[in-house]
Amino acid sequence: MSMAAVETKKITLRTADNHEFEVEEAIAMEFSTIKTFFDENPDASEDTIPLPNVTSKCLSAIIEYCKSHLAFRARETSSSIDEQVRTYDEEFVKARDNESLKELILAANYLNIKALLDMLNQAVADRIKNKSVEYVRRFFGLENDYTPEEEAAIRAENEWAFEGVDPDDD
Amino acid sequence: MKSEVSEIEGGGRGGPSLPSPLLDLNALPQDCIAAILSFTTPRDACRLSAVSTVFKSAAESDAVWESFLPSDYRAIIPSSLASKKALYLSLCDNPVLIDGGRKSFSLERGSDKKCYMLSARDLFIVWGDTPTYWRWISIPESRFEEVAELISVCWLEIRGRISISMLSPMTHYKAYLVFKATTSGAYGFDLQSVEASVGLVGTEGQKRTVYLDTERRRRGRFPIAPRGIGLFNRSRFFGLQASVPTTASDDQYPKVRVDGWLEIELGEFFNEGCTDEELEMSVLEIKGGHWKGGLVIQGIEIRPNLCGGSENNAPVPSDLCLNTGILSGQDSKNQDFSASLP
């Protein structure tokens, strides 16, 4: 039984840590995963959508991002708007540590929010550019699963790419 | 350990449900890693394949290397090679002919910046069509079908132009004249400097004085700027000071290239990349009035300046670049200090 049509329809999302977020439909539609889901299941909009892969911390940051960018897009394009968008994006990533950037990337990837994902990928890329192999292993939490011979072979093959790498400062 | 990439599954058991969750929040899936790497540089992608086996798969994937290739690569190079990475590396090591064979194109390996060489036929050479002054020949060591042989001129004027839109934006470029002496030898260039210039068409451009002296390179150059290298101090004993201009420095003389040709730097240019304009590079000797000749011109090369210029390259002190030039042009066994200058 459908309720009376409301001006701003809200969608309820439940995160992995069991917090519920009510968001305007316009914002939920920024998440391509959810948009596609609703396109295929138009009757499901009343239900609470579980997001077992997204924490509340991530989701609230993502919702803020989408809200802000929707607001930017609603205004007329100009170079000062572009400048504000750039500043907003910079601020969005600047204070976050590597762990939270990774979490955000996983969430943005899962929810399929292309603009946010590109922006986050660029931010992480900037953090690993010209960094050593060991630094990047720690950054991604990856174990070295090469044998010493295999690793030596790869390093020899790409010797030119190892020159002038930033020293690890820890 | 790999995590699965989530895919949309419309409808499941017992009603519609969202895609199944990733298995491990701590490990980014391979295609996420590839997406991040496509925002780094070719150099980073090659180096970081040493991180782990999963990282290597991501780092070598077509998704990453396609983003490093120029957007019109399919028109430039036949993509018969297996992977995009192989295609990329091939474009770095083997320049391809474009523009009807008038130019060659390649990529700077570490930074995916574009490099070009304008063939002699693509240049504006004054008197170039007059056979008493210039001759067009084909030689096997040139990448182009024809090179221009300077028989003899008084008025030397060579100009090349390239559209800014062809170059990589936000990049420091340097231009070089690529040439060598004919078998009978060059003359008229050993003491007479030429004026090189690089700049946007319609502007003054940056000018520098250079020497197209191929002989001095073989005989051993004597840069006046002291570098504390014993070999060069011998110039003082042979009275050569008088004939060498006191302000000449090493980078005003030709250097030997890996492909065996000589090159002389004409100037540099920072491309911001947002214009429709053209860059002009030129070599002029029109004041001396004397006859000169005996050069073969392959073309003008424009390539990124790796010495502390481009943002993606590890900065190299410019001293090091000049020293490399000194060392590569030298062969101490061939130095003949008893030879006298003409």
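Predicted model: local features only at pLDDT ≥ 70, side-chain atom pairs only at ≥ 80, totals over all residues.
User: What makes B:Ser49 count as buried or exposed?
Analyst: The cut-off for buried is under 20% relative accessible area. B:Ser49 has 1% relative accessibility, so B:Ser49 counts as buried.

User: Where is B:Ser49, and which residues does it touch?
Analyst: B:Ser49 sits in the loop between H2 and H3 of chain B. Leaving out residues up to four places away in sequence, B:Ser49 touches A:Tyr146, A:Ile154, A:Asn158, B:Lys56 and B:Ala59.

User: Why is B:Thr53 called partly exposed?
Analyst: Partly exposed lies between two limits: buried is under 20%, exposed is over 50%. B:Thr53 has 32% relative accessibility, so B:Thr53 counts as partly exposed. B:Thr53 belongs to helix H3 of chain B. Residues up to four places away in sequence aside, B:Thr53 touches A:Asp145 and A:Tyr146.

User: How many residues of each chain are in contact, and what area is buried between chain B and chain A?
Analyst: Contact involves 36 residues of chain B and 42 residues of chain A. The area buried between the two chains is about 3800 Å². Carbon and sulfur atoms give 68% of that area.

User: How many salt bridges and polar contacts does the rule find across the interface of chain B and chain A?
Analyst: A salt bridge needs a side-chain nitrogen of Lys or Arg within 4 Å of a carboxyl oxygen of Asp or Glu. Across the interface of chain B and chain A, the rule finds zero salt bridges. For polar contact, the rule finds ten residue pairs, both residues at pLDDT 80 or more. On the side of chain B that touches chain A, helices H1 (30–37), H2 (42–47) and H3 (53–59) of chain B each supply at least two residues. The residues of that side divide into 20 nonpolar, eleven polar and five charged.

User: How do you know that the span of helix H5 of chain A agrees with its number of residues?
Analyst: The expected span is 1.5 Å times one less than the number of residues. Helix H5 (residues 98–111) of chain A has 14 residues, so H5(A) should span 20 Å. The end C-alpha atoms of H5(A) are 20 Å apart, which agrees.

User: Why is H5(A) called largely enclosed?
Analyst: Eleven of the 14 residues of H5(A) are buried, so the rest of the structure largely encloses this helix. Among the buried residues are A:Leu101, A:Lys102, A:Ile105 and A:Tyr110. Just after H5(A), A:Asn112 has a positive phi of about 60 degrees.

User: What makes helix H6 of chain B largely enclosed?
Analyst: Helix H6 (residues 84–93) of chain B has ten residues, and seven are buried, so H6(B) is largely enclosed by the rest of the structure. The buried residues include B:Leu87, B:Tyr88 and B:Cys92. In chain B, the buried residues of H6(B) pack against H2, H4 (62–68), H5 (73–76), strand S1 (96–98) and strand S2 (103–108).

User: Why is B:Leu123 called buried?
Analyst: B:Leu123 has a relative accessible area of 9%, so B:Leu123 is buried. B:Leu123 lies in the loop between strand S3 (113–119) and strand S4 (124–125) of chain B. B:Leu123 and B:Arg161 are 38 residues apart in sequence, but 7.3 Å apart in space, C-alpha to C-alpha.

Terms used
Residues numbered from 1 in each chain as written. Chains lettered and ligands numbered in written order. Heavy atoms only, no water. Contact = heavy atoms within 4.5 Å. Buried area = accessible area lost by both parts, 1.4 Å probe. Polar contact = N/O pair within 3.5 Å; in protein donor to acceptor, adjacent residues only side chain to side chain. Helix = DSSP H or I, 4+ residues; strand = E, 2+ residues; numbered from the N terminus. Nonpolar A, V, L, I, M, F, W, Y, C, P; charged D, E, K, R; others polar. Buried < 20%, exposed > 50% of the residue type's maximum accessible area, 1.4 Å probe, protein only.
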